[in-house]
Amino acid sequence: MTPSREVPGCLNGGQFRFVKKTLLFSSLAVAVLVVLRRYSYFPETSSNWHSRYGFSCKANSEGSDYFSSSPDNVNVIHLKRMVYPKPETLKPPRTNVLSVSPWLAPIVWEGNFNIDILNELFRQENVRIGLTVFAIKKYIRFLKTFIETAEKFFMVGYPVNYYIFTDLVSNVTNFNMTVGPRKQLIFLEVPSYERWQDVTMRRMQMIRDFTKQRFASEVDYLVCVDVDMRFQDHVGVEILSDVFGTLHPAFFVKGRDKFTFERRPESQAYIPEDEGDFYYAGGYFGGKVEEVYKLTNHCHHAMLTDKANNIEAIWHDESYLNNYFLYYKKPTKILSPEYLWNERDGTAFYLRKRRLISLHKNADEVRN
Ligand SMILES: CC(=O)N[C@H]1[C@@H](OP(=O)(O)OP(=O)(O)OC[C@H]2O[C@@H](n3ccc(=O)[nH]c3=O)[C@H](O)[C@@H]2O)O[C@H](CO)[C@H](O)[C@@H]1O
Ligand SMILES: [Mn+2]
């Protein structure tokens, strides 16, 4: 028997075979992964998300399929030289407000972002934004102010499609509203409902349907808001993220016991007393088109299920939205009440800006 020779730094026969097998196995595993990826067996990372929802259109960012492009084709972003104050690790710019959620979603407050950096990042991506708003029946009266103030403050300098859902297009086109360059007013005629609760809830279905029909090929992000509003300060790309929600101005300092979540377990919107992160407003959410599709589709189905069971959540679409943000998809960005404040609420020490104001209205009159 020949004693095995151990040469320092070299492999013996057994070790060599082991290394050979390991290398062979790893190469095979990598090859299998590449093939699976190529043919989108990982739906959540596939850029061709539309096909999963039964419709097809072009994904919005070119060259995003990193794995099928050679490194030379990858869209490389090159930011211009910018001079700005260094972020101070031990000196947060805002100390009297929560700036990040427990799942690490930023909460957007004036002072905790640098709009120049964000503009540089988003301009490189050539983002196109859709703003959806419903002006049905008497709510048409709010539209002119809404659009005029949006023109001054909403996504200034970016291409924006205003998607105006209305039951009578001829009633709103004679408003004679004009918009600036790269802005477009697009009127979408949709059915009206007798009950105001149905009008507000059906927005989920209509946004979902139009996302499929046209938004997906026209814009990258959607921002979905109420019409009884007035912009009065900057609202820009700092709000954009995969999916965002907004802290309801009436609840953000309150405890869970005060949140007006749906409390009946029979409803699809049910949230028990000891759960809930924030109370989000029904009138201000958005995100990438793909995420808004998922959100509106989910909420619409939840409403239909409840309807079939003869139950309607206490705050309609807002209750279903809160359930979605708690259990299905936590927002990746959260807008502070700067982004949704009530006309009659004055101001507060932590509010450096009041960007979008919910107008006071005679609800009984305007809804009937
Ligand atoms: C600021 C905010 O978070 N508002 C939410 C809140 O009440 P609001 O009292 O703000 O609801 P609302 O009366 O403004 O109705 C919601 C929206 O539906 C549209 N509309 C409604 C009725 C109608 O006849 N015509 C019409 O166009 C319109 O765009 C309106 O802004 O709770 C509602 C559900 O109860 C919705 O979740 C709202 O988004
Ligand atoms: Mn409203």
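Let's start with how the chain folds back on itself: of the contacts between residues at least 6 apart in sequence, 74% join residues at least 24 apart, where a contact means heavy atoms within 4.5 Å. Keep in mind that this is a predicted model, in which local features need pLDDT of at least 70, side-chain atom pairs count only at pLDDT 80 or more, and totals for chains, interfaces and linings use all residues. Residues are numbered from 1 along each chain as its sequence is written, chains are lettered from A and ligands numbered from 1 in the order in which they are written, and side-chain values use heavy atoms, with hydrogens and water left out.

The chain holds 8 helices and 11 strands; these are DSSP runs numbered from the N terminus, with helices (H or I) having at least four residues and strands (E) at least two. Of its 368 residues, 42% are buried. Here buried means under 20% relative accessible area, exposed means over 50%, and partly exposed is in between, using a 1.4 Å probe and protein chains only. The accessible surface of the chain comes to about 20400 Å², and 54% of that belongs to carbon and sulfur atoms. Those areas come from the Shrake-Rupley method with a 1.4 Å probe, and for residues only the protein chains shown count as cover.

How far can you trust the picture? The mean pLDDT of the chain is 87, and 80% of its residues reach 70 or more; pLDDT is the predictor's confidence in each residue, from 0 to 100. Where pLDDT is low, the predicted coordinates should not be read in detail. For the complex, the predictor gives an ipTM of 0.99 and a pTM of 0.84.

An unreviewed UniProt entry places a "binding site" feature at Phe134, Ala135, Ile136, Tyr139, Asp226, Val227 and Asp228. They span 95 residues in sequence, yet no two of their C-alpha atoms are more than 11.4 Å apart, so they gather at one spot. Among these residues, Phe134 and Asp226 are included in the lining of the largest cavity. A cavity is a set of points, on a 1 Å grid over the protein atoms alone, where a 1.4 Å probe fits but cannot get out, and lining residues have an atom within 4 Å of a point. As for the UniProt positions, they are given in the numbering used here, feature names are shortened, and annotations may be inferred rather than shown by experiment.

Take a closer look at Phe134. It sits in strand 2, residues 129-135, and is buried at a relative accessible area of 7%. Leaving out residues up to four places away in sequence, Phe134 touches Phe165, Arg203, Met206, Ile207 and Val227.

What are the protein donors of the manganese ion (ligand 2)? They are Asp226 (OD), Asp228 (OD) and Asp228 (OD), lying 2.1 to 2.4 Å from the ion. Donors are N, O and S atoms within 2.8 Å of the metal (3.2 Å for Na, K and Ca), and water is not among the atoms, so sites may look incomplete. Asp228 counts as buried, with 3% relative accessibility.

Elsewhere, Arg208 is part of helix 5 (residues 196-218) and is buried at 15%. Arg208 and Leu295 are 87 residues apart in sequence but 8.4 Å apart in space, C-alpha to C-alpha. Beyond four places in sequence, Arg208 touches Tyr293, Thr296, Asn297, His300 and His301.

From Asn323 to Gln268 is 55 residues in sequence and 8.0 Å in space, C-alpha to C-alpha. Gln268 is one of the residues that Asn323 touches, along with Ala269, Tyr270, Ile271 and Tyr328.

Technical notes: 1 Å grid on protein atoms, 1.4 Å probe; cavity = no way out; pocket = protein on both sides within 12 Å on 5 of 7 lines; lining within 4 Å.
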